[in-house]
Amino acid sequence: MSMETEAGVFCRNYHTHTQWCNHGTIDAEETICEAISLGMQELGFSEHAPFPDNRFGRMAFSELINYIGQVRLLQKKYAPYIKIFAGLEIEYFEDDLPYYHQLYRDYGVDYLILGQHYFKDQNSGCYVKTKRIEDEKTIAKYFDSLIYAAQSGLFPMIAHPDYCFGCDLVYTHITEQAICKFLSSISSVNTVLEINANGFRKPTFLSKIGERRKYPADLFWKYVKEYGLWGMIGSDCHHRGQLYDLAVRQAFYFAVEKGIMLKDSIHIGARH
Ligand SMILES: [Zn+2]
Ligand SMILES: [Zn+2]
């Protein structure tokens, strides 16, 4: 796609939250109207997916059918103006493999984006909260979890793949090797790495190496460029005003500055 940053080139967004997730504040219909007024062609909703055991305290599993049903109604209502999709943002755990297939097959979701806010430590079997990582060995485990997720073929987009860089560490070859192992493993997988605009909305912090954003992380995207992999802008908006805001434009500038090639659409529909 063009590397221009005008509103006209931001035609599709697949990372959208609304009232269905506990921290989204507005009505989905308002976001659709905003997207239409921006001239967008596609808008995908991607609420945080529940698991059947409601393990992370987000949209209740019992609400899932209602969420998809409501998106389908809006899809029909606005079909003449914009394409609407019912997606979900979800973590990947190998033990839950049948559930992801069930989401595509039985619940009819249009796509799943990987949002690895938690991953499972293979040694302890415990969930690790990605933004609470405190050492580089755990960062390597996080990237390993992304490899398993990507190779499952379930996820056309990996949201904020650099979500682990919120921790205040001085990164060494351990992290660089983990990044490279991940990037080389996904070169043949049909997925795209998201440059997450929400990272530009969050305050910077004073880290051991100076003031910086938590993500997008320069170190990570330097390697994405080296590996020649695709990026994609995701608004990760939590209200209508964020759908195309300064942060989204900053994400475009970031891509231009780092020389990242951008895709503007993802594979929609069931995965193998
Ligand atoms: Zn997320
Ligand atoms: Zn999100």
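The following dialogue discusses how to read selected features of a predicted model.

Biologist: Which conventions apply to this predicted model?

Modeller: Residues are numbered from 1 along each chain as its sequence is written, while chains are lettered from A and ligands numbered from 1 in the order in which they are written. Local features need pLDDT of at least 70, side-chain atom pairs count only at pLDDT 80 or more, and totals for chains, interfaces and linings use all residues; side-chain values use heavy atoms, with hydrogens and water left out.

Biologist: What is the mean pLDDT of the protein chain?

Modeller: The term pLDDT denotes the predictor's confidence in each residue, from 0 to 100. The mean for the protein chain is 92, and 94% of its residues reach 70 or more. Over residues 1–8, however, the pLDDT is below 50, and beyond near neighbours in sequence this stretch has 18 contacts in the model (a contact means heavy atoms within 4.5 Å). Where pLDDT is low, the predicted coordinates should not be read in detail.

Biologist: How does the radius of gyration of the protein chain relate to that of a compact globule?

Modeller: The radius is taken over C-alpha atoms, and the globule rule is 2.2 Å times the number of residues to the power 0.38. For 272 residues the rule gives a value near 19 Å, and the 18 Å of the protein chain agrees with this. Buried residues make up 56% of the 272 residues, where buried means under 20% relative accessible area, exposed over 50%, and partly exposed in between (1.4 Å probe, protein chains only).

Biologist: How many helices and strands does the protein chain have?

Modeller: Helices (H or I, at least four residues) and strands (E, at least two) are DSSP runs, numbered from the N terminus. The protein chain has eight helices and twelve strands.

Biologist: Which residues of helix H1 are buried, and where do they lie as seen down the axis of H1?

Modeller: An α-helix has 3.6 residues a turn, so residues three or four places apart point the same way. In H1 (residues 28–37), the buried residues are Ala28, Thr31, Ile32 and Ala35. Seen down the axis, they fall within an arc of 100 degrees, so they line one face of the helix; the arc is that of the directions from the helix axis to the C-beta atoms. Their cover includes strand S2 (42–48), helix H2 (64–77) and S3. Just after H1, Gly39 takes a positive phi of about 80 degrees.

Biologist: Which residues coordinate the zinc ion (ligand 1)?

Modeller: Donors are N, O and S atoms within 2.8 Å of the metal (3.2 Å for Na, K and Ca); water is not among the atoms, so sites may look incomplete. Here Glu89 (OE), His117 (NE2) and His160 (NE2) coordinate the zinc ion (ligand 1) at 2.1 to 2.2 Å. Glu89 also bridges this ion and the zinc ion (ligand 2), the two lying 3.5 Å apart. Glu89 belongs to strand S3 (residues 83–90) and His117 to the loop between strand S4 (111–114) and strand S5 (118–120), 28 residues apart, so that the pair links distant parts of the chain. Glu89 is buried, with a relative accessible area of 1%, and His117 is buried at 10%.

Biologist: What is the phi of His160, and where is its place?

Modeller: His160 has a positive phi of about 25 degrees although it is not a glycine. His160 lies in the loop between strand S7 (157–158) and helix H5 (173–185), and is buried, with a relative accessible area of 2%.
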